[in-house]
Amino acid sequence: MTKKSHPKYDIDRDMRYLSLLSQSFPSVAIASTEIINLEAILNLPKGTEHFMADLHGEYQAFRHILKNASGNIKRKVNELFGNDIRESEKKELCTLIYYPEEKLELIKASEEDIDDWYHITIHQLVKVCRDVSSKYTRSKVRKSLPTDFSYIIEELLHERTDDSDKAKYVAVIVDTIISTGRADDFIIALCNVIQRLAIDQLHLLGDIYDRGPGAHIIMDTMMNYHSWDIQWGNHDILWMGATAGNDACICNVLRLSLRYANLATLEEGYGINLVPLATFAMEVYGDDPCTEFMPKLLKGMTMDEKNIQLTAKMHKAISVIQFKEEAKIFKRRPEWNMLDRCMFDNVDYSRGVCTIDGKEYEMTSNNFPTIDPAHPCELTYEEKQLMGKLHHSFMVSEKLHKHISYILSHGCMYAIYNSNLLFHASVPLNADGTLKEVELYPGKKYNGRELMHHTGLLIRSAFTNDTPADERKYAIDYFLYLWCGKDSPLFDKSKMATFERYFLTDKDVYKEEKGNYFKLRDNEQICDSILDAFEVKGANRHIINGHVPVHASKGENPIKANGKLMVIDGGFSEAYHKETGIAGYTLVYHSRGFQLVQHEPFMSASDAILKGTDIKSTTQIVEMSAHRMRVADTDKGSELRMQIEDLKELLYAYRHGIIKEKK
């Protein structure tokens, strides 16, 4: 055989690859069948992608949105049943799909003819399941089915009930499910399949952690979720740094949890022992009112005065240690140019003033019993002992390490999916909009895609045992820079004014000037240049990110740069609801285009189960395609076309005796 006889096949290229491929497709017949299958898949509708950002521990709203597919399941139920059933019945059916176990218990307690209800409901659920599975191959649907009911569900999905013989066949299947006492299990299985097939791929654009009460519950959900990815956010990085052993990150994690009186994730989720911190805080700050450190109680939270006072004292204790631990790293890494953030060095403790850029500022309080004015950034013996215990608690938390491992395995700093560039916060830019070079390692500078890529490698090296000791120590330190460094793609501000907000009376020094990306991101040309730098292809390409809450209540539009940029931080966290006026966004990318779903606050799962309440959502059409997109139009389609070409080469090799067929 020569290249001329088959120009697409180069015999020198990789015979080993074709030999390996032949093990999976050992004959002309099998390889041909796979080509036919792949060609057919290319013509299926594109799967539905959901994009969410900045969940911040709001697990109930997050899980409900996954269950209702951002309102898509309710829409399908309305389309399928129209006026055939009452609105109350459609609401009941939706609630059953979202919460099958809990809803079944309520129905069985009140339904007089449960067998009749089973018959009607199973047929309705099969109809919904048939609709949500229509854009997938039978093989993909089969893989999503529970083992116990795989054959039965597949039969019900693909049999025609308008044929009288088949209708009897289907009726007998349903009758037998009920008579054998498997109706409950079957309904639960069917509801879970509907939920799973309603979302093909979930993209999380960072910040699972902090503020809300259930980041660990969100992570438990993701560990069992069928297909997801994450672009790390600054709050995720903070927890990753704490898990890697960065004591400044540990302090920040504790401080933020205490600030929002959210200790459930730490204590119940990860078993972090806070008793040593409570004991230390009472001993050192027992007489201090700690006014600046009173916790922010979110709606529905209650705490008695004793616990509020204890939380405030713990909050101050860990904050003081945090500023010392941060200063230790800033002084160890002077190349970061963050020595000006060693704030305790700027305080005159005799007069209660802090000097910044040559100007003196009055402090809110001057009670620092653990600070030696001669060495203000050094930990006392007791603080060192406390940090040792807290550090150990983070290092031995098996569940925390397992969750962070999942974030590492499913995530990165950025991703490109179907002509969409995803990242959490920013790409550092110069004032003229060009990509800014950032020194990542001493003496090594990167920008744009290279910066994101190498930052990801640096993060992973902190968790790799074979990383040289000095490099690993640097990587662990670097989590702090990613959290609050001026040129960090996860922060990108002039400073993090935490110290100023706690201790200085003049609010002018609270200001954190945003980086150039945030100033220029509404410029279409700037967005195009970023997309070019990341080699994002396609006629309809976009940047999608979160991080900065969109003030929807003030009329801010999440769609920027003439549609090139979509900012989808709508404030899932209750702490942001007043700021944004809403309770989060989901960006949905289906076969007909983009839709932005704006969510109202979620009451509770129990409310949804008992009353059938759903999250009220408003859908905004962002961009609709001129034609219904197929798998062929996606990244997956490109992969399948390459597989088809490889299989055609294998066919050529079989037919020309280059590789022998196997029986």
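The model is predicted, so local features need pLDDT of at least 70 and side-chain atom pairs count only at pLDDT 80 or more, while totals for chains, interfaces and linings use all residues. Residues are numbered from 1 along each chain as its sequence is written, and side-chain values use heavy atoms, with hydrogens and water left out.

**Helices α13 and α14**
- The axes (lines fitted to C-alpha atoms over the stretch in contact, with angles from 0 to 180 degrees between N-to-C directions) of α13 (residues 234-244) and α14 (residues 247-259) come within 7 Å and cross at roughly 125 degrees.
- Helices here are DSSP runs (H or I, at least four residues), and strands are E runs of at least two, numbered from the N terminus.
- Contacts (heavy atoms within 4.5 Å) bring residues including Leu238 and Trp239 of α13 to residues of α14, among them Ile250 and Leu256.

**Salt bridges**
- The structure holds 33 salt bridges, each a side-chain nitrogen of Lys or Arg within 4 Å of a carboxyl oxygen of Asp or Glu.
- Asp477 and Arg333 pair at 2.9 Å, N to O; Asp477 sits in α21 (residues 469-484) and Arg333 in the loop between α17 (305-332) and β4 (347-348), so the pair ties together parts 144 residues apart in sequence.

**Around Glu500**
- Glu500 is buried at 0% relative accessibility and forms a salt bridge with Arg341, the closest N and O atoms being 2.8 Å apart.
- Lys495 also meets Glu500 in a salt bridge (3.5 Å, N to O).

Notes. Buried < 20%, exposed > 50% of the residue type's maximum accessible area, 1.4 Å probe, protein only.
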